[in-house]
Amino acid sequence: MQEDKKIITIAPEPMVYPSDNAAPAKNKKSVSEKKNEKRIMRLAGKAVADFSMIEGGDKVMVCMSGGKDSYVLLDVLMKLQKRAPVHFDLIAVHVDQHLPNFPKDVIPNYLKQKGVPFHIEDQDTWSIVQRVIPEGQNVCSVCSRLRRGIIYRVAKELGVTKIALGHHMDDAVSTLLLNMFYGGRLKGMPPILRSDDRANVIIRPLIYVREHEIERWVKYRDYPIISKDICRKIENKKRAEIKALLREWDQKYDSRTYNILMSMTRVSPSHLMDPSLYDFQAMPKDPMKKSPF
């Protein structure tokens, strides 16, 4: 209903609609830069179309962490916004979690320069992490859960219909392998996901894009990237192990990572072992076998 679309802003810092101060024009793009940008835009456009990620009238929240993936995601969606056959709005959102030594002005200043509406949500989750996670242990899972809850709440307050995250193909494949190797589950990272309460929809427009392609895009641009090491906590060793495995595969095989991603799009439940997906007891009758009756 129309009442559900109303924007409510109760965050400590208000939503900012920056001026139209455009960044100075850059030099003419090189051939390699054009090819890389064209490929990423094509893959992102295909993902959006394949999974109906964005529809006319959507208000898309672009989650900005300060990492390379979120900067590329914002650029891609701003370009798609101009080319799309339907109208949709964008708003960039950053959650300030009070990480130690985090440069608070970097992301707001960049978003002002880009001329995109944005919102900064001030929430001290770092004190919670310090309280519940012993020193020397990985904090990523707890930190991300806290951030996810904040993002879901802010999305409702801002009238957002889709939440865009910067996960790419390497992230999706890594998650699948992590769940298989360490969780005993065939579970990956879907391109579109609804929250448990069905109130929020997450989309991943870069799901077809390799990480090295994103790194190439970043090389041609002056993004103020903020290092992941700023929290000075230990990286998830299992995820680091999987990333190293993907790099090793890339050196030996042309398309193994791509094939693993594609395997999630071509699933045969009858050739797996989950009785909730396939009724193994209701076997089809053999037409050549005569009934005893």
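**View 1. Helix α2 lies across strands β1, β2 and β4.** Helix α2 covers residues 68–83, β1 covers 59–63 and β4 covers 162–164. The helix runs at about 155° to β1; angles run from 0 to 180 degrees between N-to-C directions, with axes fitted to C-alpha atoms. Contact here means heavy atoms within 4.5 Å. Helices (H or I, at least four residues) and strands (E, at least two) are DSSP runs, numbered from the N terminus. This is a predicted model: local features need pLDDT of at least 70, and side-chain atom pairs count only at pLDDT 80 or more. Residues are numbered from 1 along each chain, and side-chain values use heavy atoms, without hydrogens and water.

**View 2. Six strands form an open, mixed sheet.** The order is β3-β2-β1-β4-β6-β5. Strands pair if DSSP finds at least two bridges between them. The edge strands are β3 (118–122) and β5 (192–194). Five bridges join β2 (residues 89–96) to β3, and these two run parallel. In β3, Ile120 is the bridge partner of His94.

**View 3. Glu37 and Arg221 meet in a salt bridge.** The N to O distance is 2.6 Å; the cut-off is a side-chain nitrogen of Lys or Arg within 4 Å of a carboxyl oxygen of Asp or Glu. Glu37 lies in helix α1 and Arg221 in the loop between α7 and α8, so the pair ties together parts 184 residues apart in sequence. Both residues are buried (under 20% relative accessible area; exposed is over 50%, partly exposed in between; 1.4 Å probe, protein chains only).

**View 4. Lys114 and Asp75 meet in a salt bridge.** Lys114 is in helix α3 and Asp75 in helix α2. Lys114 is partly exposed at 28%, whereas Asp75 is buried at 8%.
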